[in-house]
Amino acid sequence: MSEKSSERLKSLLAEAKDTFKLNIDYARLTASEKLTVLFSTAVFGFALFVLGSLMFFFISLLVVNLISDEIGIIGAYAVMAGVYVVMIVALIILRRQLIINPIARAVSRLLFSGF
């Protein structure tokens, strides 16, 4: 009888060890999958930032060129600088709603739920 219970205990320990190894492998795969999504989102965001910056630069030059006929080139650049100052102030005031909350929501959705 003790040999039978000894064998059962050995098989139970072996199954527990296998289950633990499988859970570790699953955690590694899940972590690598989520890191891949996080890094690819960061790279995509960076690319959008670069392209958006170029777009704003060329649009700024267009606006300066259009309004320079009416107020002069120095005034046109001053108006464009004022527009950028207003945009920066708005971004600073609304940074929680525009930057922090969406990033926190995306990261928590990625880490605590499926896709």
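Q: How much space lies in the second largest pocket of this predicted model?
A: The second largest pocket holds about 210 Å³ of space.

Q: What makes Val37 and Leu110 lining residues of the second largest pocket?
A: Lining residues have an atom within 4 Å of a pocket point. Val37, Leu38, Thr41, Ala42, Pro102, Ile103, Ala106, Val107 and Leu110 line this pocket. Two or more residues each are given by α1 and α3, and α3 supplies the largest share, 5 residues.

Q: How do the residues of the lining of the second largest pocket divide into nonpolar, polar and charged?
A: The lining has 8 nonpolar residues, 1 polar residue and no charged ones.

Q: Which residues line the largest pocket, and which element gives the largest share of the lining?
A: The largest pocket, with a volume of about 250 Å³, is lined by Gly45, Leu48, Phe49, Gly52, Ser53, Phe56, Tyr84, Met87, Ile88 and Leu91. The largest share, 6 residues, comes from α1. This lining divides into 7 nonpolar, 3 polar and no charged residues; Gly counts as polar and Tyr as nonpolar.

Q: Why are α2 and α3 called oblique to each other?
A: Helix α2 (residues 73–93) and helix α3 (residues 95–112) pack at an angle of about 60°. Angles under 35 degrees count as roughly parallel, over 145 as roughly antiparallel and 65 to 115 as roughly perpendicular, with the rest oblique. The two helices are therefore oblique to each other.

Q: Which residues make the contact of α2 with α3?
A: Leu91, Ile92 and Ile93 of α2 meet Arg95, Gln97, Leu98 and Ile99 of α3. These residues comprise 5 nonpolar, 1 polar and 1 charged.

Note on methods:
Residues are numbered from 1 along each chain as its sequence is written. This is a predicted model: local features need pLDDT of at least 70, side-chain atom pairs count only at pLDDT 80 or more; totals for chains, interfaces and linings use all residues. Side-chain values use heavy atoms; hydrogens and water are left out. Axes are lines fitted to C-alpha atoms, for helices over the stretch in contact, and angles run from 0 to 180 degrees between N-to-C directions. Helices (H or I, at least four residues) and strands (E, at least two) are DSSP runs, numbered from the N terminus. Contact means heavy atoms within 4.5 Å. On a 1 Å grid over the protein atoms alone, a cavity is a set of points where a 1.4 Å probe fits but cannot get out, and a pocket is an open set with protein on both sides within 12 Å along at least five of seven lines; lining residues have an atom within 4 Å of a point. Grid points are joined across faces, edges and corners, and a volume is the space filled by probe spheres set on the points.
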